[in-house]
Amino acid sequence: MGKLVVMKFGEGSFEQGFAVTLQIGEEHERPATEITGRLASFPEMPLYYSHWQSSYRQIGNRYRLHADQMQVTNVSMIQDCENTSHILRARFNTWLRAEEFRPLREKWLERLSSTEEIRVILQTENSQLQLLPWHLWDLLERYPKAEIALSSPSYDRIHKPRTLNQLVNILAIVGNSQGIDTQADKALLQQCSNAEVSFLVEPQRQQLTDHLWGKNWDILFFAGHSSSNRNGESGRIYLNKTDSLSIGELKYALRKAIENGLQLAIFNSCDGLGLARELADLQIPQMIVMREPVPDQVAKEFLKYFLEGFAGGESLYQSVRQARERLQGLEDRFPCATWLPVICQNPAQIPPTWDELRFTKTEDPPNLALSTRHRFQTTLLSSLAITALVCGVRLVGLLENPEIQAFDQMMRSRPAEGLDPRQLVITIDDDDLATQRQNGESLIGASISEKSLNKLLAKLNQYQPRAIGLDIYRDFKAKQPDLITRLQQTQNLVGICKGSDGTINIKGIKPPPEIPTTNLGFSDFIHDRDGVIRRHLLFMNQEATSLCPAPFAFSLELASLYLRPSGIQAKFTPEGNLQLGKTIFPNLKSRTGGYQNIDANGGQVLLNYRSSKDIAEQVKLTQFLSSPVNPSAIKDKIVLIGVVAKGDSPDTWPTPYGVPLDEQMPGVLVQAHMISQILSAVQDGRPLLRVWSLWVEVVWIWGWSLLGGILAWRKLSLLWLALAVSITSSILYIVCFGLLISGAWVPFIPSALSLVATVGLMSIYNNSKTKVRVASGE
C-alpha cells in the first residue's frame, strides 16, 4: 500500500505568498499527519514561467495545436528554450527552499520513505500555480516512485456503482489531424490487451454526443488538435476541419459518461489544462493532459510508453511518471518534453489499475474460496518444494558465506560473560620491545630477550602458577646457561611449535630445543575460507617430515596441566572423540551446520569464544618485571606469555569479532579463548557449540517454510503480509540467537530464505487463482 500526500494551497498570490497545508497518510485512509505553513511571496515567478513559455512556443515543433496556429520549426531557438528552462527550475526550487516552507519540507522527509510509491496531489484554484513545473521540485528527486497530480479544492465523489465490463471500453476520438500523424495513436490503442476500442474519426458533434450517451466507457481518449484560452479556465478540441467544441458544449454527454463509470480521460493533444479545469467541474476521476503545446512525436511516444506500463500492470501514477521520464531521450530535438504530461485528479477517487477498469471490486462469495483441504495440500507441497530447493542450494555451499556471517553477528551480540579468572596473560607490546632494545637486550629471532625471559620465568615460579604457556617461537638454542637450565627444569612450562603441511608447502617451525617433548603443543590454527578463526583444533597426526612433534594443541596441553590436580586426564572415546572428565569434545565432520565440505582432519570443534571485551586479566611485560606482584593473581593459574605488538611482525588473526587488520585478535588471546573453552566446558558446564543432525535441520527449515505458507494462506494485504513476514523473521532470529547462547548453532539463513520464498510463491499462486476465477466470471 502506497502513501497519499495532499498539498492544499489556500488564499494568496505570488505578491503576498500562499498558505499551505500538507497532509500525509496511507492510501484509502484518513491523513495521519497534517501541518500548515506558507510559501513566501515571489512576484517574479509568473514572469519566469512566461519567459520560458514564450521561448518554448517559439520553437514551433509540429504542435497538436489548432492547425492554423502551427509554426515553422526554428532550431536556433532550442538553446534559448533550454536556458530559460534552467533559470525557471533554479528560481522555482529556490522559492520552495524558503524558510517559511521549511517545516513542511522537513515533515515530508520525516514521514516518507524513498522506497514508497507516493501520490502527490496539489490542490489549488490558482491557474499560475498549476502551470509551474512541480515535477522539477528537487525534493522529488529523492523519491523515484512519487508522481504529482493537480486538483481543484472543490470536488465530489460519483456514488453510482460502475457496471461490470469484461474488457476495458475505450472511446477513442481522432479529431482534426491536419499536419499531424494520429494513425500511430490508433495503432497503439488497438494493441492494448483486454480492451475494446471504438474509434470516432473526425466525428460530427451529434455523433460524438450519441456515443458518450450510449455505452459504459472506461477511458475517453482524444488525439488531434486542442487549445486552452489565455487564462487557462477553458479549452477547445477540434473535431474536424470545421467544428470545434468546448467541454461546456459536451457537458451533459460527459456527465452521463462519468455517471456510467468513465474513469480516465486522456487528451493526447496540446495545451490541455483548460480542458482539465472544465472536466474537473464534472467530477471526472482522472485525466491526463499536456500542459503546453506538444510536438507530434512527443505525443506518440508518451502514449506508447504510458500504455506499455498501464496495460502491463503498473499503477496509473507510476505509468505516467515512467512514460514522462522516458521522453528525456527526445529532448535533444524537443526540449522540455518531460515537462508536458500531467495528471489531474479528483481526490475523492482512487486511481484504478488496468485490471480494475475491467472488473467491479466486490467481495468474493464464500463458495469461491479454495477448500481448506486443497489449500492445505497446496501449502504443504509448496513448502516441501521450497525446503528441498533451499537445502539443495545449501548442500552445494551457496549459503555457507551468509550463514557464517549471520553466525558471526550472533556471536558478537551475545551478553558479556566476564573475565576468565583462571588465566593471566603477560603481553609483549611495542613499548616492551622498545624498552628491551633501550636496555641493550638482543631480540634476534624472538620477541623477548633471553635476559627478560629468564627473569620473567624466575619471578613467575616464585608464585607457583599451575601452568605457564610460552606462546613465542624459539626454534634456536638459548645462550645463557641460567635460561637453558630454567627451560629444561620448569615442569609446568609449555612451549610451542608449528606443524608442517605438505599440501601447501608449509615446513613448520621447530620447538624450543630446551623444553621436553612432553611439554610441547602445536600452535596451528584452523581458519575458514575467509581467513576467520571459528574452529578449534585440539589434536592431529603430524606429518612424518614435520618439524613439530607435538600431537596436541598448545591450548589443550595447558588445560590438561591445569586439570591434572583434579584427577582429570585426557582420553579418547571409541569414536575417536577427546574426553576430559565427563565432557566429550565431538569431532567436526566435513558437513557441519553451515559448513559444507570443509577439511575436518584432526580433532576439531567449533570455537565458542568467551563473550567479553577481554578474555582474561592482562599485564604488560615491562610492568610485570618492574612492579610488585599480587601472589593471588598468579598462584594456581595458567599464565600465558605472548606478543600483542603491532609493529614487528604482528601475530594477529581475523575472528568473528573483527576481520580488518586493526580489529584482529592477537594470537595469544585466541589461545586464551581456546583454553577458556576447554576449562569452562569441563569445570563449569559451559556448553560447547554443537549442531543438529542433517535431518533435524531439514525438518527445522521445512517448519519455517510451512509457517510462511500459512501466512500467505491468510491472504493479507501486501503491507500486512510484509509486516507479518518481518515479525516472523525477527522471531526466527531471536530463537536462533537464544539457541546459540545455549550451545546450538541452528540454520537461520536457510530458514529465513525458505520462509520468504514460500510466502512469495504462495502469494503469486493465490493471485493467479484469483485472476483466473475473475476472468472466468465466477
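Helix 17 (residues 554–563) packs against helix 19 (residues 667–684) at an angle of about 40 degrees, and their axes lie 9 Å apart. Helix 17 is therefore oblique to helix 19, a term for angles that are not under 35 degrees (roughly parallel), over 145 (roughly antiparallel) or 65 to 115 (roughly perpendicular). The model is a predicted one, in which local features need pLDDT of at least 70 and side-chain atom pairs count only at pLDDT 80 or more, while totals for chains, interfaces and linings use all residues. Residues are numbered from 1 along each chain as its sequence is written, and side-chain values use heavy atoms, with hydrogens and water left out.

From helix 17, Phe554, Ser555, Leu556, Leu558, Ala559, Tyr562 and Leu563 meet Gln671, Met674, Ile675, Ile678, Leu679, Val682 and Gln683 of helix 19; contact means heavy atoms within 4.5 Å.

Five cavities of 30 Å³ or more are found in the whole structure. A cavity is a set of points on a 1 Å grid where a 1.4 Å probe fits but cannot get out, and its lining residues have an atom within 4 Å of a point. The largest cavity holds about 90 Å³ of space. Strand 5 (146–151) and strand 14 (341–345) each give at least two residues to its lining, and strand 5 gives the largest share, three residues. Among the lining residues are Trp134, Glu147, Arg291 and Trp339.

The residue classes at the two sites are as follows.

Notes:
Axes fitted to C-alpha atoms, helices over the stretch in contact; angles between N-to-C directions. Helix = DSSP H or I, 4+ residues; strand = E, 2+ residues; numbered from the N terminus. 1 Å grid on protein atoms, 1.4 Å probe; cavity = no way out; pocket = protein on both sides within 12 Å on 5 of 7 lines; lining within 4 Å. Points joined across faces, edges and corners; volume = space filled by probe spheres on them.
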